[in-house]
Amino acid sequence: MEASRDDRRVNLAGTIYGTVIATALVAGLSEDPDLSPGEIAVSMLSTMAAFWIAHAYAELLAGEGTDGRLPSLRAMRHALGREWALVQAAGPATLALLAGEVGLVSGHASEQIAIWLGLVALAGWGWVLARQNRLSVARALLVSLASGALGVVVVLVKLAVD
């Protein structure tokens, strides 16, 4: 069965949200010199899993009425499946951090790569959304730059709070 347009939008929203969270987590956790890239990856992925379950749970609670019954297993699987994009968004950062953990690059470099991958992904998703909405190339470029800039702001706020 093909996903509806609304399901694809939810997945894309989850991907963007997951990218923002993963990037902010790496930025904040990388400020702790006692954490290795592997430990940052584990912390990030466990946080992403918590957000995934929380989003699926919220979707079930806010979903259509269940006529006084608990949500079905099918509805639960559907919600978990739709929100899985949130966890998948952490994939590139995880790979970068694992490269640092196994020594392919330095730990610091892996953390910087993970952050930059997130920022580039956000700019890319801005481009994709703009073009899906049939914006001109010039406007799509502006949306892409704004999306990447939002990522930079999130990282800066995260660093300022820590």
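Which residues in α6 meet which residues in α7?

A: The structure is a predicted model, in which local features need pLDDT of at least 70 and side-chain atom pairs count only at pLDDT 80 or more, while totals for chains, interfaces and linings use all residues. Residues are numbered from 1 along each chain as its sequence is written, and side-chain values use heavy atoms, without hydrogens and water.

On the side of α6, the residues in contact (heavy atoms within 4.5 Å) are I115, L119, L122, A123, G124, G126, W127, A130 and R131. Their partners in α7 are V137, A140, L141, V143, S144, S147, G148, G151, V152 and V155. Helix α7 covers residues 137-161, a helix being a DSSP run (H or I) of at least four residues. The axes of α6 and α7 come within 7 Å and cross at roughly 145°, on a scale from 0 to 180 degrees between N-to-C directions.

Leaving aside residues up to four places away in sequence, M48 touches G18, I21, A22, L25, L86, V87 and A90.

Elsewhere, the structure holds two aromatic pairs, that is, rings with centres within 6.5 Å. The ring centres of Y17 and F51 lie 6.2 Å apart and the planes stand at 70°, so this pair is edge-to-face (over 60 degrees). Y17 in helix α1 and F51 in helix α2 are 34 residues apart. Y17 is partly exposed, with a relative accessible area of 35%, and F51 is partly exposed at 30%; buried means under 20% and exposed over 50%, with a 1.4 Å probe.

W52 and W84 form the other edge-to-face pair, with 4.8 Å between centres and 75° between planes. This pair links helix α2 to the loop between α3 (73-83) and α4. W52 counts as buried at 18% relative accessibility, whereas W84 is partly exposed at 36%.

How values were computed: Helices (H or I, at least four residues) and strands (E, at least two) are DSSP runs, numbered from the N terminus. Rings of Phe, Tyr and Trp (its six-membered ring) pair if their centres lie within 6.5 Å; planes under 30 degrees apart count as stacked, over 60 as edge-to-face and the rest as tilted.
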